[in-house]
Amino acid sequence: MIDRAALSEALGLPPAVAQELIDLFGQFAREQFPILLRACAEENRDLLRESAHALKGSALNINLDPIATTARALEKGASTEPWPELKNATQDLIALIDAEL
Amino acid sequence: MRKVVVVDNHPMMVKFMESLLEREGYAVRSAENGLAALDLLRADIPDFLFVDLIMPHIDGATLCKIVRRIPEYSGIKLIVLSAIAAEEEVPTDLDADLFIAKGPFAALGPLILEAIQKIESHETNKVLGIEKVYPREITRELLKVRQYFNLVLERMSEAILEVTQEGRIVFANRAAMDLFQKPCEILIGENLTHLLPQAYQQAFCEALDLSQSVNFMEAGDPWVLNETFVFVQVFPLVPLDTNQFMVIIKDVTEQIIREQQLREAEKFRAIGTLAAGVAHDFNNLLMAIQGNISLLQMDINPTHPHWARFASMEQQIHYGARLTQQLLGYARKGRYEMRKTDINRCIQDAVDSFQTTKNISVVKYLAPDLPPVKADASQINQVMLNLLINALDASGEQGQITITTQVVDQSALENPHFKALSGQYVEVAIADNGVGIKPELLEKIFDPFFTTKEMGRGTGLGLASVYGIVKGHQGYVTVESKLGNGSIFHLYFPVVPLNQSTDVEGPHAQPHKGKALLVDDSESFRKIGRDMLIALGYEVLVAANGKEAIQTCKNTAHDLQIAILDLVMPEMNGVELWHHLKAAHPHLHFVFASGYAPETLPDTQAISRASILSKPFNLQTLQTAIDHKEKVT
């Protein structure tokens with residue numbers, strides 16, 4: 001689970017702002033879910049890579065390291081890994097974000 | 001309170017920046033793209049502008065360029081937020097005051113505040129936070145791809161614009177800036193709809209509203225933008241989900257001009273052929289009538305009661321012949337008596353012979369030392385007279401006709417709808433302050449038989465022959481007119497190069513009488529020509545074509561002294577026949593007769609050195625031609 005107090009302290013901003021940033025991340029991440037799923041369905045490596053990249057950057061911005069690490073692995077593997085593995089990794093990422101938020 | 005504008009398409013970044021800077025006491029406004037940022041800047045100029053590089057609706061690099069080119073924004077401190085910009089060498093083309101490498105917000109916050117402090121203390125052109133950068137391969141790739149496509153688009157000859165659904169321009173390549181004659185910083189953000197002529201605005205807005213691909217090229221005539229003919233294509237950038245449109249505007253001016261000139265040339269060629277044919281046959285008819293009158297007049301004297309009627313008939317024949325001359329002038333079928341000609345002199349001669357009962361003054365501004373042009377002076381005189389008569393008819397009881405001459409370069413002739421051959425031209429401008437020409441009639445005024453004059457006053461051939469004669473001189477005619485304010489006809493004749501000689505020798509007189517051969521495919525002409533030659537004292541042999549003529553000459557060549565040959569005949573024309581007869585009978589003397597005007601005949605050695613009879617002709621003209629014929633050697 002996300003440590004909101006730690007984030008607030010790290011950013012030097014009130015907890016309400018930290019919460020707002022987390023909510024914005026959640027909103028952005030959920031916009032990416034259908035894109036990730038479409039990339040898997042169409043086996044579109046570029047689309048999968050771009051979406052994972054966007055999630056990684058957004059997660060890093062607010063210190064969501066587990067999400068960033070998973071997204072980075074998906075981004076790196078998107079160009080070369082076989083599709084069954086990529087589809088599994090995508091499901092893992094979506095599940096992780098759901099759990100964290 | 002110091003003012004800040006943040007431009008970034010990521011809501012998290014915007015929220016973070018707003019919270020951070022407001023907490024520090026700054027007044028913060030934000031925009032999610034470059035276009036919205038421009039609107040914010042127009043409303044209120046900030047002290048600091050933070051810009052992301054990759055954004056829809058005007059990217060960060062373009063926004064930076066625009067800001068730097070607008071003088072009112074010169075006080076804005078520009079900070080680029082991009083890890084990529086920071087990783088490279090400091091990108092000077094962005095002309096930013098500082099670069100910050102994007103990273104985790106916890107590290108970014110202090111960098112943003114530090115950046116403002118550094119700028120306040122004039123420490124600019126630095127990159128902050130490079131050590132915090134995490135790999136951004138995709139961002140780098142996106143920037144590279146964007147750079148690549150920008151490079152391609154910049155070099156396209158078509159104007160390419162990207163617009164929002166409201167029509168606001170978010171991208172314009174170099175050709176687009178040239179087309180609309182506006183620099184990038186002015187063009188970006190403007191509404192393309194407002195830059196289009198009103199006639200096209202509705203169609204363009206409908207294309208955007210319906211989000212459909214529209215190729216206006218297929219829908220009808222080209223559009224005219226800034227005096228340029230263009231084809232316009234609009235299509236939504238559907239796969240990108242940006243709700244934006246690509247507009248491609250192709251300059252087709254050259255193509256349209258070529259097509260127009262080709263159509264015009266084809267039209268004039270077709271009408272010219274028809275006119276020449278009609279004139280030729282009509283001249284033969286007139287010839288038959290004129291010949292009979294001449295013969296009848298031989299039997300009577302001027303006191304005879306029919307003498308005046310014959311004279312009246314002759315006058316009508318002359319009038320008919322003038323009409324056919326005009327037709328043939330329009331048809332411009334070939335040869336003129338081309339010499340180095342002083343156009344000023346032609347104008348002076350035309351003005352001297354121009355008479356009017358109206359109170360119209362003719363004012364001349366003739367350039368001194370005008371270079372000569374290669375022209376047939378009599379034809380130029382005819383052109384001037386026709387235009388003077390038209391100007392007179394267009395004027396009221398009082399007025400002024402102004403004639404100006406000058407030397408101009410080819411570029412002076414050109415406009416978006418017209419191209420001329422290169423070189424210098426003598427321009428003659430004939431201006432009147434008469435009634436002017438209705439715009440819808442301007443395209444028709446050079447057509448033969450088109451006239452706005454009342455019945456009996458105009459033949460519709462005056463301007464047609466002006467056009468034909470000027471074109472026959474490799475020249476150009478243009479007209480400008482405003483209803484109620486008169487018209488100006490501009491004539492352009494190519495200047496003769498200094499080393500070019502165009503003088504030709506005139507015929508020598510050599511009286512002659514004896515047996516004559518008359519060759520013509522027209523039975524009526526053979527009949528009347530024979531009678532006329534007999535009346536002049538010649539013994540006449542006739543032939544209907546070249547073969548018959550050659551055979552006749554074989555039988556009677558020893559006492560044959562003159563041959564009158566029709567120029568235009570089927571199978572073997574007059575010139576070909578001349579070659580045959582000349583080779584076999586070197587002492588035979590030749591006169592050519594034709595229903596075409598002499599100046600429109602082909603330029604051959606035979607014709608240029610022989611006497612030429614233009615049908616119709618009377619007995620006296622025939623006698624003169626025979627008396628003045630030249631022995632062709």
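**Loops, Contacts and Cores of a Predicted Complex**

Biologist: Where does Glu43(A) lie?
Modeller: Glu43(A) sits in the loop of chain A between helix H2 (15-42) and helix H3 (45-61). Helices (H or I, at least four residues) and strands (E, at least two) are DSSP runs, numbered from the N terminus.

Biologist: What are the ground rules here?
Modeller: This is a predicted model, in which local features need pLDDT of at least 70, side-chain atom pairs count only at pLDDT 80 or more, and totals for chains, interfaces and linings use all residues. Residues are numbered from 1 along each chain as its sequence is written, while chains are lettered from A and ligands numbered from 1 in the order in which they are written.

Biologist: Back to Glu43(A): what is its phi?
Modeller: The phi of Glu43(A) is near 50°, which is positive in a residue other than glycine.

Biologist: Is Glu43(A) buried or exposed, and why?
Modeller: Glu43(A) counts as exposed because it has 11 C-beta neighbours inside 10 Å. With C-beta atoms placed from the backbone, 20 or more others within 10 Å make a residue buried, 12 or fewer make it exposed, and anything in between is partly exposed.

Biologist: And what about Glu227(B) and its phi?
Modeller: Glu227(B), not a glycine, has a positive phi of about 60°. Its loop joins strand S10 (223-225) to strand S11 (228-236) of chain B.

Biologist: Which peptide bond is cis?
Modeller: The bond from Lys615(B) to Pro616(B) is cis, with omega near -5°. Pro616(B) is in the loop between strand S24 (611-614) and helix H22 (619-627) of chain B.

Biologist: Changing topic, how many residues of chain B are in contact with chain A?
Modeller: On chain B there are 13, in contact with 18 residues of chain A; contact means C-beta atoms, placed from the backbone, within 7 Å. Helix H1 (11-23) and helix H5 (105-120) of chain B each give two or more residues to that side of chain B. H1(B) supplies the largest share, 7 residues.

Biologist: What does the predictor say about the complex?
Modeller: It gives an ipTM of 0.92 and a pTM of 0.54.

Biologist: Which residues touch the most other members of the largest nonpolar core?
Modeller: They are Phe50(B), Ile79(B) and Leu161(B), in a core of 100 residues. Such a core is a set of buried Ala, Val, Leu, Ile, Met, Phe, Trp, Tyr and Cys residues joined through C-beta atoms within 7 Å. H2(A) contributes the largest share of this core, 8 residues.

How values were computed
Two residues are in contact if their C-beta atoms, placed from the backbone, lie within 7 Å.
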